[in-house]
Amino acid sequence: MSTESFSETAKSQRSSSTDTAPTVTSRREHLARWVAAVLSDAGIHEQNAMQAIGNDAGFRKYYRVTTPQQTLVAVDAPPATEDTHAFVAIAKRWHAAGINVPQVFAVDYQQGFMLQEDLGDTPMQAVLNETTIDEYYPRLLTTLLSIQQQSPQELPPYDNKLMSFELSLYPEWFLQQWLGITPPDGLDELFTSLITAMQEQPQGTVHRDFHSRNLMLTPDGDIGVIDFQGALHGPLLYDAVSLLRDCYLSWPPAQIELWLSGFIGKHPVLAGHDPVQLQTWFDLAGAQRHLKCLGIFTRLWLRDGRPGYLKEIPRTLGYVVDVCRRYPQLSGHGQWLEQQVVPAVRARLEQVTQP
């Protein structure tokens, strides 16, 4: 089954798409018909029904399609919320550079449908534990280094406007909507200090969601990278803190320091900077990310009815508290978190988990 035949099919499917996108309730049916047409034009006339797989914090849905030759993944990425153009463009560039991202065989941009390579069912989250971290984390950081060696010139900037919007999710959804707490004074100054740390550090290609759920252990034992359509030109330590202070896994601080030191030592840009400054950039980029994630996790529950991410809040909030303790400009917010927010989170989670 050649890539070329899929590509030609993609062109025909785009030209035959209707002007009206399928409704939410019928998207799976439309996707199934589109996949059947793509495979039929590629000379494959027998395939199993699509099997739902994976879990995504966005609006994308994934289905495994089994053909006589191989398995593929059909993706439903609604155009109103998902940027399929960015995914395909980045996938082509990174795949050509040797990064193990899913190869896209067919795409319908108007409907938001893709047929792509199957990297398997094993996110790194499922295999990372105390006995495997020494094997896998160096490989994950090597993968990150390969990504950061890609040119960021065609990527949008991770600019002040976007960073500010991400931080705004924290007071809006986490504090006000979920906890019912009025944001404290000084939040603007706190946000400014975090954004400044993001902007003043070396910039390059940033995956922007580089963690254990978006990294796959493929059936052949390689490291696969997914969910990269949000990649930007931004702070180089952002992905490192996303991985090492993962919202879904936690490790001893001393171990994180060793991994970070090894990564920096091999990095062609970061290696020349002062270690204390690098640690500060790392910590403050992490605070920006984790505040954003607190907002996202609670928005997923309150707006989208998805409670699964609530259990990650104590770990994510803990990262923020730890960083606040280390820096004078954050200490006031850290004390407020420990006194007001940590108990409120504990109480709210007890309410959510009660039968």
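Let us begin with Leu 232 and its surroundings in this predicted model. Leaving aside neighbours within four places in sequence, Leu 232 is in contact with Leu 155, Pro 156, Pro 157, Tyr 158, Leu 162, Gly 204, Thr 205, Val 206 and Arg 208. The residue belongs to strand 9. Its relative accessible area is 7%, so Leu 232 counts as buried. One of its contacts is Val 206; the two C-alpha atoms are separated by 5.3 Å, although the residues stand 26 apart along the chain.

Two other residues on that contact list, Tyr 158 and Arg 208, also interact with each other: the charged end of Arg 208 sits over the ring of Tyr 158, 5.5 Å from its centre.

I turn now to the aromatic pairs in general. How many are found in a search of the whole structure? The search returns 12 aromatic pairs. Among them is the stacked pair of Phe 87 and Phe 228, at 4.4 Å centre to centre and with 15° between the planes. Because Phe 87 lies in helix 3 (residues 84-96) and Phe 228 in the loop between strand 8 (223-225) and strand 9 (232-235), this pair ties together parts that are 141 residues apart in sequence. Phe 87 counts as buried at 7% relative accessibility, and Phe 228 counts as buried at 0%. Ring pairs also bring in Trp 94, linking Phe 87, Trp 94 and Phe 228 into a cluster.

Helix 5 (residues 160-179) and helix 9 have axes that come within 7 Å and cross at roughly 50°. That angle makes helix 5 oblique to helix 9, and the crossing is left-handed. On the helix 5 side, the residues that meet helix 9 include Leu 167, Tyr 170, Trp 173, Phe 174 and Trp 178. Their counterparts in helix 9 include Leu 291, Leu 294, Ile 296, Trp 301 and Leu 302.

Helix 6 (residues 187-200) packs against helix 9 at an angle of about 125°, with the axes 9 Å apart. Helix 6 and helix 9 are therefore oblique to each other. Helix 6, too, passes helix 9 in a left-handed crossing. The contact involves residues of helix 6 including Phe 191, Leu 194, Ala 197 and Met 198, and residues of helix 9 including Trp 281, Leu 284, Ala 285 and Leu 291.

Finally, the protein as a whole. Its secondary structure comes to 11 helices and nine strands. Of its 355 residues, 51% count as buried. Among contacts with a separation of 6 or more, 73% are between residues 24 or more positions apart.

Conventions. Residues are numbered from 1 along each chain as its sequence is written. This is a predicted model: local features need pLDDT of at least 70, side-chain atom pairs count only at pLDDT 80 or more; totals for chains, interfaces and linings use all residues. Side-chain values use heavy atoms; hydrogens and water are left out. Rings of Phe, Tyr and Trp (its six-membered ring) pair if their centres lie within 6.5 Å; planes under 30 degrees apart count as stacked, over 60 as edge-to-face and the rest as tilted. Helices (H or I, at least four residues) and strands (E, at least two) are DSSP runs, numbered from the N terminus. Buried means under 20% relative accessible area, exposed over 50%, partly exposed in between (1.4 Å probe, protein chains only). A charge sits over a ring if NZ of Lys or CZ of Arg is within 6 Å of the ring centre and within 35 degrees of the ring normal. Axes are lines fitted to C-alpha atoms, for helices over the stretch in contact, and angles run from 0 to 180 degrees between N-to-C directions. Angles under 35 degrees count as roughly parallel, over 145 as roughly antiparallel, 65 to 115 as roughly perpendicular and the rest as oblique. A crossing is left-handed if the near helix is turned anticlockwise from the far one by less than a right angle, and right-handed if clockwise. Contact means heavy atoms within 4.5 Å.
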